[in-house]
There are 2 protein chains.
Amino acid sequence: MKLNNRDYICPVEAVIDILGGKWKLLILRELMSGTKRFSQLRRAIPNITQKMLSKQLRELEERGIVKRTVYPQVPPKVEYSLTPIGKKLSKVFDAMHQWGAEYIKTYLR
Amino acid sequence: MKLNNRDYICPVEAVIDILGGKWKLLILRELMSGTKRFSQLRRAIPNITQKMLSKQLRELEERGIVKRTVYPQVPPKVEYSLTPIGKKLSKVFDAMHQWGAEYIKTYLR
DNA sequence: CTGGATCCAACTAGATACTG
DNA sequence: CAGTATCTAGTTGGATCCAG
């Protein structure tokens, strides 16, 4: 999976390209409920390392899904929020949530 | 990403777990339009290798998304189709398609 | 025709230590 | 507080050859 791959055969691929991987959906889910600081995200997502959190956030920012706001103060304060197109992912998220819940109910218990 | 990981924090993760990777969505998309043979899928999906196609199909089968039907004849004939829960992925697919199209329109041209 | 087996390159993610 | 740097283990995907 490459960054900025514009050779999608189908628009659907863009979603997997952007949301794929272990952490991005969990990060997006946290941001759906509003702006969060780096440390808030870190606490909210169990087991994520600083490296992975900052890397995933940078990728989401590059793709225009997440907005990063730096407050130039000491100690540093950085806030992350969803862009307009990022907020629209909530519909995809809802569809995934509904299907996932049914799948788990059917197959994983 | 592991197979059969039942420790999802959120049902949404199941979708990425099942659909993640380079090929699964493209395979599912082909199967949405009906039952297909191995060779049909191979022709329909540009650049996929035999190994990847059979591997992805096996994973989708293990997860109960795809049904595999073998006709015991020579030469062999194997058909793949979506299970009921697999067919229900079409809603997720549609939401992804809509968002992806808007994203591409906005950011990738 | 429908794959399995093997080898290998590239990428991903975790652990740990360090910094303005 | 919010990261970066480095090292390493594990995973993914491609190429190629083989088989019922």
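In this predicted model, a polar side-chain atom of B:Lys22 sits 2.3 Å from a phosphate oxygen of DNA strand D. The surface near this strand draws two or more residues from each of several elements, namely α3 (38-44), α4 (50-62) and β3 (77-82) of chain A, along with α4 (50-62) of chain B. The leading contributor is α4(A), with 4 residues.

B:Lys22 also belongs to the group that comes nearest to DNA strand D among the 22 residues around it, together with A:Gln50, A:Arg68, A:Tyr80 and B:Lys51. Sorted by class, the surface near DNA strand D comprises 9 nonpolar, 6 polar and 7 charged residues.

Turning to the protein partners, 41 residues of chain B are in contact with 39 residues of chain A. The two chains bury about 3,700 Å² between them, with 79% of that area on carbon and sulfur atoms. Between the chains there are 8 residue pairs in polar contact, both members at pLDDT 80 or more. On chain B, the side touching chain A receives two or more residues from each of α1 (11-19), α2 (24-32) and α6 (89-107), and α6(B) gives the most, with 15 residues. That side has 27 nonpolar, 7 polar and 7 charged residues. The count of salt bridges between the chains is 2, including one in which the side chains of A:Lys88 and B:Glu102 meet at 2.5 Å, N to O.

Definitions and conventions. Residues numbered from 1 in each chain as written. Chains lettered and ligands numbered in written order. Predicted model: local features only at pLDDT ≥ 70, side-chain atom pairs only at ≥ 80, totals over all residues. Heavy atoms only, no water. Contact = heavy atoms within 4.5 Å. Buried area = accessible area lost by both parts, 1.4 Å probe. Salt bridge = Lys/Arg side-chain N within 4 Å of Asp/Glu carboxyl O. Polar contact = N/O pair within 3.5 Å; in protein donor to acceptor, adjacent residues only side chain to side chain. Nonpolar A, V, L, I, M, F, W, Y, C, P; charged D, E, K, R; others polar. Near = heavy atom within 4 Å.
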